[in-house]
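Subject: Structure handover

Hello,

Here is the structure I promised to pass on. Please open it first, then read my notes below.

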Amino acid sequence: MRGGRLTIGLAILFLPAVFGGGRASDSYPQLVVIAVLVFAGFVSWLVTRWRIEGDDLHIETGLLRRRSVRFPLSQVQAIDVVRPGLARMFRVAELRLRTAGSSGAAARLAYLPEHEVEPLRDRLLALARTARSGEPEQGEERPAAEERVLARVPTGRLVFAIATSGTGAVAELILVGFVIGYVVSPAAAAGILSGGAVWILGAGTAVWRRFNQLYRQTVSEGPDGLHLHGGLVALTTEVIRPGRVQAVRIVEPFVWRPLGWCRVEIDLAGRQRRKGEGRAERGQLRTLLPVGDLELAYELVDRLVPERPHELQPAPRRAAWKSPLRYGKLGWGRTESCVATRSGRLGRVTSWVPLEKAQSLRWVQGPVQRRLRLASVHVDTAGRSVHATLRDRDAGEATRTLAELATLARAARLSRR
Amino acid sequence: MSHVETEEWRRPSPRLLRLRRLEVAAPAVLAVVALAVAGGVTGTAAAYGAAAAAALAAAGLSPFVARRYRSWGYAEREDDLLVRRGVMFSRLSVVPYGRMQFIDVTAGPLERMLGLATVRLHTAAAATDARIPGLEREEAERLRDRLAELGEAQAAGL
């Protein structure tokens, strides 16, 4: 039995509310609430215990109503280290165990001393590996912290990238609109400000969140997969096992194409929605590389989907009638274990899906496609937003491809088991 | 119509066609009656015209309903289930048994009246779109049990 030091930071979390609710006269009720919450957080920290028992992590919590949670370590997809801003001041950190499934049922070991976090994570990961493979870990100690940095994003580039991205552009438009409004008539601008405060705040937070998350992000290669470190206020360390990746894509936005830049995004299993993430970000992926050269991007893709197809076949010429903007980019390719597709109207998006991750396949033909003897094949994955779509292929080819991919996906599934 | 040969396609019950026709006819009859009554009360020719138009529209829809019914099909293969459907947008889904997470059998009030049920398969991918409407109750139950059994035998997780 090991005494856990959980949730000290629950109390810490509520500190900003003090500064938030700082209107002198009516802040008493708030202060009382905060005091109660701080006390409750402290009590919850006092009564929470965790221990490792066999292949399970047990967490027991609750003062009046005891709650005991059991997490099978074999189900753990990844363990992240998160250090929120205030927790950093107190030199504590949080471990988040991600399990598969989107219900967000993740175990949090909140607020352990900083120096204990890394060894504990390594231990839990080793146990999880053992539990998965069913046999005890080999005696040899893995060399710790042997990481090779693959990519690092300069801050200037990140700022440029966010400024030219969709959310950035919206925020800038709002800002410019406001400035113009202010120059033309200050009175009207005040009205706009009060009316559009929600929008301004929303755009501002979206930009800030991206910056905060991606600031100084580095991608390095560790023994168990790719490691992501980064963050401005809250530092996070995330480990991405290759088996967790449902799909990878390289996005080349229109504005960046002359510069030869792109970003790499991955769709993961069991990516838990963060507490602060609103609706806007629910559909978002993990950005592996916010901005970088194509060469570097392909190198990262190679680590995640080792056997990726290198040549893509273009769509038949008549597809140009159906998708004039996309036509030049359409293409797909496959190897025994991976499908790649490319599309995009103005920008260009190339996606890779490992066939063992394919959940289902769909053949779809719309009325225009029927006229042109075209059809699309979709490869559905459990990820959120990256789906490989073989768009506007010859109808006969699409039918053959569907059968072929079904067979290959089956083989890929079986070989993994 | 069938995209993959050598398959033995099964069809939903013919009662599904009756259900679909009912779904078109019931509102049409209501509209026609309401418009005709309105025409009788106010004595305007326009209301009678509208009633006739509603009746014609419903009759005109009938062949489309029949074609849509005929496009439905499913085939149980060794490792996966095929579902095809759609006239304007024709689709064919391949769902491996090992990927199925759970199977729903639902029956709405009209379906229950006709002894029908809808079977829907769920995988971890939200985009998977495999449902088979209008199965006779026993067939729906047989399919559900069979799929559950096969799914368990071949389960592959994420």
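Start with chain B. The axes of helix α1 (residues 15-42) and helix α2 (residues 45-71) of chain B come within 8 Å and cross at roughly 175°. That makes α1(B) roughly antiparallel to α2(B) (angles under 35 degrees count as roughly parallel, over 145 as roughly antiparallel, 65 to 115 as roughly perpendicular and the rest as oblique). Their contact holds 21 nonpolar, three polar and two charged residues.

Some ground rules. This is a predicted model, in which local features need pLDDT of at least 70 and side-chain atom pairs count only at pLDDT 80 or more, while totals for chains, interfaces and linings use all residues. Residues are numbered from 1 along each chain as its sequence is written, and chains are lettered from A and ligands numbered from 1 in the order in which they are written. Axes are lines fitted to C-alpha atoms, for helices over the stretch in contact, and angles run from 0 to 180 degrees between N-to-C directions. Helices (H or I, at least four residues) and strands (E, at least two) are DSSP runs, numbered from the N terminus. Contact means C-beta atoms, placed from the backbone, within 7 Å.

Chain B also has an open sheet of three strands, in the order β4-β5-β6, with antiparallel pairing (two strands pair if DSSP finds at least two bridges between them). The edge strands are β4 (102-106) and β6 (130-136) of chain B. Neighbouring strands are turned by 20° against each other on average, direction ignored. β4(B) pairs with β5 (residues 116-122) of chain B over five bridges. B:Asp104 has B:Arg120 in β5(B) as its bridge partner. α1(B) lies across β5 and β6 of chain B, at about 100° to β6(B). Helix α4 (residues 137-154) of chain B packs on the sheet and touches β4, β5 and β6 of chain B.

Now chain A. Helix α7 (residues 166-184) and helix α9 (residues 197-214) of chain A have axes that come within 9 Å and cross at roughly 140°. α7(A) and α9(A) are therefore oblique to each other.

One residue of α7 in chain A is worth a look: A:Gly168. Beyond four places in sequence, A:Gly168 is in contact with A:Ile162, A:Ala163 and A:Val207.

Best wishes

Technical notes. Nonpolar A, V, L, I, M, F, W, Y, C, P; charged D, E, K, R; others polar. Contact = placed C-beta atoms within 7 Å.
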